[in-house]
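Dear colleague,

Please find below the structure that I am handing over to you. My findings follow after it, and I would be grateful if you read them with the structure open.

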Amino acid sequence: MKRPSLAERQRRRLAGEDSRPRGRPAGSPHREYLVCDVSLSTCPACGCTDRTKYEQTQQIESSSLTTDSQLREVIVLRRCTCLKCGQHRVDRCREYRCE
Ligand SMILES: [Zn+2]
């Protein structure tokens, strides 16, 4: 049997047609979410973070592995344009890929 859509499940819940208990099932472990700060790229010309979609993404493989794990370092270059001032830029970031 096909699972009902999210909208249908919400409708049933609001209409009181769904008698299943809400929330995490009994006995299932609580998930711990660690907080990780992420910095957005900013336009070097005006400081705005609004940009076009990334295009012409390029990846440069790095030969180094991180010291404490088997994460492969990749330098990723993504081209975009500032939505405020129109400055073109390349967003460069390091990413770590698990193998
Ligand atoms: Zn700008």
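Where does Pro 21 lie? Pro 21 is found in the loop that runs between H1 and E1. Please keep in mind throughout that this is a predicted model.

Pro 21 counts as exposed, because it has 8 C-beta neighbours inside 10 Å, and a residue is called exposed when that number is 12 or fewer. Along the chain, Pro 21 and Leu 6 are 15 residues apart, and their C-alpha atoms are separated by 16 Å.

The loop that joins helix H1 (6–14) to strand E1 (55–65) also holds Pro 29. Pro 29 is exposed because there are 6 other C-beta atoms within 10 Å. From Pro 29 to Arg 97 the distance is 27 Å, C-alpha to C-alpha, and the two residues are 68 residues apart in sequence.

H1 has nine residues, and the number of them that are buried is zero, so the helix lies largely in the open. After H1 comes Gly 16, which has a positive phi, near 75 degrees.

Gln 56 is not a glycine, and yet its phi is positive, about 50 degrees. Is Gln 56 buried or exposed? Gln 56 is exposed, because it has 9 C-beta neighbours inside 10 Å.

I now turn to the chain as a whole. The C-alpha trace spans about 55 × 40 × 30 Å along its principal axes.

What is the radius of gyration of the chain? The value is 22 Å, whereas a compact globule of 99 residues would have one near 13 Å. Buried residues account for 3% of the 99 residues. Of the contacts with a separation of 6 or more, 49% are between residues 24 or more positions apart.

To summarise the local findings, Pro 21, Pro 29 and Gln 56 are each exposed, and H1 has zero buried residues.

With kind regards

Technical notes:
Residues numbered from 1 in each chain as written. Predicted model: local features only at pLDDT ≥ 70, side-chain atom pairs only at ≥ 80, totals over all residues. Helix = DSSP H or I, 4+ residues; strand = E, 2+ residues; numbered from the N terminus. Buried ≥ 20, exposed ≤ 12 C-beta atoms within 10 Å, placed from the backbone. Rg over C-alpha atoms; globule rule 2.2 N^0.38 Å. Contact = placed C-beta atoms within 7 Å.
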